[in-house]
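Let's take a walk through this structure together, starting with its pocket and then moving on to its cores and the chain as a whole. Have the viewer ready.

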Amino acid sequence: MRSALSFLRVLAASAALAVAVALAPTAHAAQVSDGGLVLGPADSSDVLVVHASNSVEVFRGVLEEFSRLNPSVRLEYTELSTQDLYNDAVDRAAKAPGVPSGPDLVISSAMDLQTKLVNDGYARPHVSPQTRSLPGWANWRDEVFSIGTDPIVMVYDTRRLDAARAPHTRRELLSLLQAPDQPLAGRISTYDVQGSGIGYLAATQDTRLDSMAGALLAAFGRNGVTLHASTEHALDKLESGDVTLAYNLLESYTRHRIDQGAPLAIIYPQDYTLMLSRSAIIPRQAPRGDLGALFLDYLLSARGQETLARVSGMRPVSASVVPAAGVRPMALGVGLLVYLDPLKKRHFLDLWRAAILPPR
C-alpha cells in the first residue's frame with residue numbers, strides 16, 4: 001500500500017510538472033508550487049528529466065547555470081522525498097521492466113537507498129573523466145556517485161536557548177533533556193524515520209556509532225519529541241518558535257535559512273559529525289541516459305562543484321574530509337545496506353517506536 005501511494009505521489013508531481021511544461025513559454029522557466037522547475041525551449045527534442053530530493057529553492061541556481069551552458073536542452077526538474085524516489089524506481093521496473101520511462105537522473109540524500117538501487121540492478125554505469133577523478137568513497141561500481149556532501153547537525157533557536165547552554169555533544173544533549181527545569185520538554189524535534197529515508201539513515205548510523213543512542217531516543221520520548229518529515233519542515237518549526245532544538249538536520253538548508261535572517265544557530269557535534277552524500281544514479285530505464293550523464297558530469301566538473309558549493313551550500317566532494325574536526329563522509333557501498341535488511345529494519349523500527357512514540 002505504501003509503495004502504491006508513493007507511486008501515486010510521483011505521478012501527481014509529474015502531472016503537475018507536465019501542466020507547467022504545456023503552459024510555459026519557449027525559453028522561459030516555469031516553477032510549480034509542489035516542487036518543480038522547467039528550463040529551456042519547449043520545442044526541444046532533447047528533454048532531460050531529473051528527479052531529486054534537493055529543494056528547488058536551494059538547487060535552482062545550479063539548474064539555471066546548467067541550462068545556460070546547454071541552451072538547447074529542455075530540463076524538467078521534480079522535487080520528491082527520498083522514499084518516493086526509491087519506490088518510484090522499483091515500481092517502474094516492476095510495472096514495465098526494460099521499458100524506457102521516468103527520470104534520466106535521480107539525486108537523493110538517502111545514500112543507502114541509492115546504493116540499494118545499484119545493488120539490486122536498477123542503475124546503469126557511467127564512466128567519464130569526472131567520475132574517474134572521484135575518491136573511492138564517492139564512487140561505487142561506477143553506478144552511484146557523490147555530487148557533494150552535507151554535515152548532519154543540531155540546530156537551535158537562539159531566542160529560546162542561550163548559547164552557553166547549547167549542547168555540543170550527544171552526552172550534553174542527553175543531560176539537557178534530563179535537566180530538572182526541562183528546557184526542551186515538548187520543544188525538541190527529530191526525523192520521523194518511518195517515512196524519511198534520510199532520517200532512517202541518520203538514526204541507524206547513530207545506533208552503529210554511539211552506545212548512547214538508545215538512551216537518547218528514550219529521552220526524546222520522555223520529553224514529548226515532535227517529528228519532522230524533512231529538514232525544511234523542522235526549520236519551519238524552529239523559525240515559528242514551536243521547537244527550540246532540532247536533532248539531525250542538513251547543514252546546507254539550515255545555512256540557507258540563517259543567511260535569510262532566521263534566528264538559528266548550528267551545532268556540529270564534537271563527538272562525531274555524520275557527513276552524508278547527495279548521491280546520483282542514472283536509472284537503467286532512463287529514456288535519455290546520455291542527458292543524465294551530461295548533467296552528472298557537469299555536477300562533478302570543477303565549475304559544477306564550485307556552483308554547488310556557492311549556490312546550494314553543499315560541500316564539494318574534494319573538501320568533504322575534515323580530519324581535525326573528526327568529520328569524514330560516509331562511504332558509498334555495501335556497508336550502507338546493513339540496516340536495509342528487512343529483519344534488521346523491522347527490529348530497529350520497533351525499538352524506535354517503543355522509545356519515541358507515546359503508548360496508546
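The lining of the largest pocket is made up of 11 polar, 6 nonpolar and 4 charged residues. Keep in mind as you look that this is a predicted model. Of its 21 lining residues, the ones nearest the centre are Ser81, Thr82, Ala229, Ser230 and Thr231. If you colour by secondary structure, look for α7 (197-209) and α9 (231-240), the elements that each give two or more residues to this lining.

Now turn to the interior. In soluble globular proteins, nonpolar side chains tend to be buried together. Here the largest nonpolar core has 68 residues, and the members touching the most others are Leu173, Leu177, Ile188, Phe220 and Leu238. Strand β8 (residues 144-157) supplies the largest share of this core, with 6 residues.

Which residues does isoleucine 188 touch, leaving out those up to four places away in sequence? Its partners are Leu173, Leu177, Phe220, Asn223, Val225, Thr226, Val243 and Leu245. There is also a second, separate core, with 33 residues, including Val50, Val73, Ala138 and Tyr298.

Finally, step back to see the protein chain whole. Its secondary structure consists of 13 helices and 14 strands, and 56% of its 360 residues are buried. Of the contacts between residues at least 6 apart in sequence, 78% link residues at least 24 apart. The chain's accessible surface is about 14900 Å², with 55% of that belonging to carbon and sulfur atoms.

Conventions: Residues numbered from 1 in each chain as written. Predicted model: local features only at pLDDT ≥ 70, side-chain atom pairs only at ≥ 80, totals over all residues. Heavy atoms only, no water. Core = buried A, V, L, I, M, F, W, Y, C linked by side-chain atoms within 4.5 Å. Buried < 20%, exposed > 50% of the residue type's maximum accessible area, 1.4 Å probe, protein only. Helix = DSSP H or I, 4+ residues; strand = E, 2+ residues; numbered from the N terminus. Contact = heavy atoms within 4.5 Å. 1 Å grid on protein atoms, 1.4 Å probe; cavity = no way out; pocket = protein on both sides within 12 Å on 5 of 7 lines; lining within 4 Å. Nonpolar A, V, L, I, M, F, W, Y, C, P; charged D, E, K, R; others polar. Areas by Shrake-Rupley, 256 points an atom, 1.4 Å probe, with all protein chains shown as cover.
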